[in-house]
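Trainee: I'm new to this one. Please show me the model and walk me through it.

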Amino acid sequence: MRLLDTKTLEYVEIVRPEEVKYAILSHTWGEEEVSLEDFLKSESKQLQGYKKIKGCCTQAYDDGYAYVWVDTCCIDKKSSAELSEAINSMYRWYYWAATCYVYLSDFSLATDGTLEHSRWFTRGWTLQELLASRQIFFYDQHWHYIGSKVELALRIASLSDIEQSYIEDRRLVRKASVATRMSWASKRQTSRPEDQAYCLMGLYKVNMPLLYGEGGFKAFQRLQHEIIKVSEDESLFA
């Protein structure tokens, strides 16, 4: 696992991330995102994606964390093997993180009165990030504190159509029926059709190779087959 040093903004390779205290970012992708290759280029510092990463590192450093993980710049997406490993490990990485920062790029405490219009609550990948993380702290587009997952649990449950108990206790997530977990993702969107299936692997504790180009239907069929291997819950076919 590749982490960022919150003080030096240099990369550090970690062999056993479950033994390291690190913070992790949850966000929605937008314009001017900064990749692994671009992060160390001086011209990238003017991009919104870089400023988001820098803001995350600053917050983590202030909170006493030496390392942070951000998906945009900590994965070499040119390597299919590394990308596949990262996506198959994503749920665990959020689960192991000491804390998760949710950055709402489309929300401002000063001008927006409600969280309901933020894209973060509608995206496929943010579902597992919400449910896997030990503790979550929400921030607006200026890195102003909004509240914790515990403080906002009732609102989050309403916006996500997820029972509050699952928001408050992540140990219950994998005890929910297969159909219930599927229902949590039913109204969420992903940019690539295959990701509708791939973003759910962690919720069911399954792994499978990524085959971008296979289409959403085939990807979902493969996901179902993997779930059948590890679960006798027939609600999958309901």
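**Strand 3 and its sheet**

Mentor: Let's start with strand 3: Tyr22, Ile24 and Ser26 point one way and Ala23 and Leu25 the other way, and all are buried. Buried means under 20% relative accessible area, exposed means over 50%, and partly exposed is in between, using a 1.4 Å probe and protein chains only. Strands (E, at least two residues) and helices (H or I, at least four) are DSSP runs numbered from the N terminus.

Trainee: Before I go further, what kind of model is this?

Mentor: This is a predicted model, in which local features need pLDDT of at least 70 and side-chain atom pairs count only at pLDDT 80 or more, while totals for chains, interfaces and linings use all residues. Residues are numbered from 1 along each chain as its sequence is written, and side-chain values use heavy atoms, with hydrogens and water left out.

Trainee: How many bridges join strand 3 to strand 4?

Mentor: Three, and strand 3 (residues 22-26) and strand 4 (residues 67-69) run parallel. Tyr22 stands opposite Tyr67 in strand 4, and Ala23 has Val68 of strand 4 as its bridge partner.

Trainee: And which way does strand 5 run, parallel or antiparallel to strand 3?

Mentor: Parallel, with four bridges joining strand 3 to strand 5. Ala23 has a bridge partner in strand 5, Thr99.

Trainee: Is helix 5 mostly covered or mostly open, and what covers it?

Mentor: Helix 5 (residues 125-132) is mostly covered, with seven of its eight residues buried. They are Thr126, Leu127, Gln128, Glu129, Leu130, Leu131 and Ala132. The cover includes strand 3, helix 4, strand 6, helix 6 (153-160), helix 7 (164-168) and helix 8 (178-185).

Trainee: New topic, aromatics. How many aromatic pairs are there?

Mentor: First the rule: rings of Phe, Tyr and Trp (its six-membered ring) pair if their centres lie within 6.5 Å, with planes under 30 degrees apart counting as stacked, over 60 as edge-to-face and the rest as tilted. By this rule the count comes to 16 aromatic pairs. One of them is Tyr91 and Tyr95, stacked at 6.4 Å centre to centre with 20° between the planes.

Trainee: Where do Tyr91 and Tyr95 sit?

Mentor: In helix 4 (residues 80-96), four residues apart, so about one helical turn separates Tyr91 and Tyr95. Tyr91 is buried at 4% relative accessible area, while Tyr95 is partly exposed at 31%.

Trainee: What about Tyr101 and Tyr139?

Mentor: Their ring centres are 5.8 Å apart and the planes are at 75°, so this pair is edge-to-face. Tyr101 lies in strand 5 (residues 99-103) and Tyr139 in strand 6 (residues 136-139), so the pair ties together parts 38 residues apart in sequence. Tyr101 is buried at 0%, and Tyr139 is buried at 6%. Tyr101 and Tyr139 belong to one aromatic cluster along with Tyr103, Phe137, Trp143 and Tyr145.

Trainee: Last one: which charged end sits over the ring of Tyr95?

Mentor: That of Arg170, 3.6 Å from the ring centre. A charge sits over a ring if NZ of Lys or CZ of Arg is within 6 Å of the ring centre and within 35 degrees of the ring normal. Arg192 likewise lies over the face of Tyr212, at 3.9 Å from the ring centre.

Conventions
Two strands pair if DSSP finds at least two bridges between them. Contact means heavy atoms within 4.5 Å.
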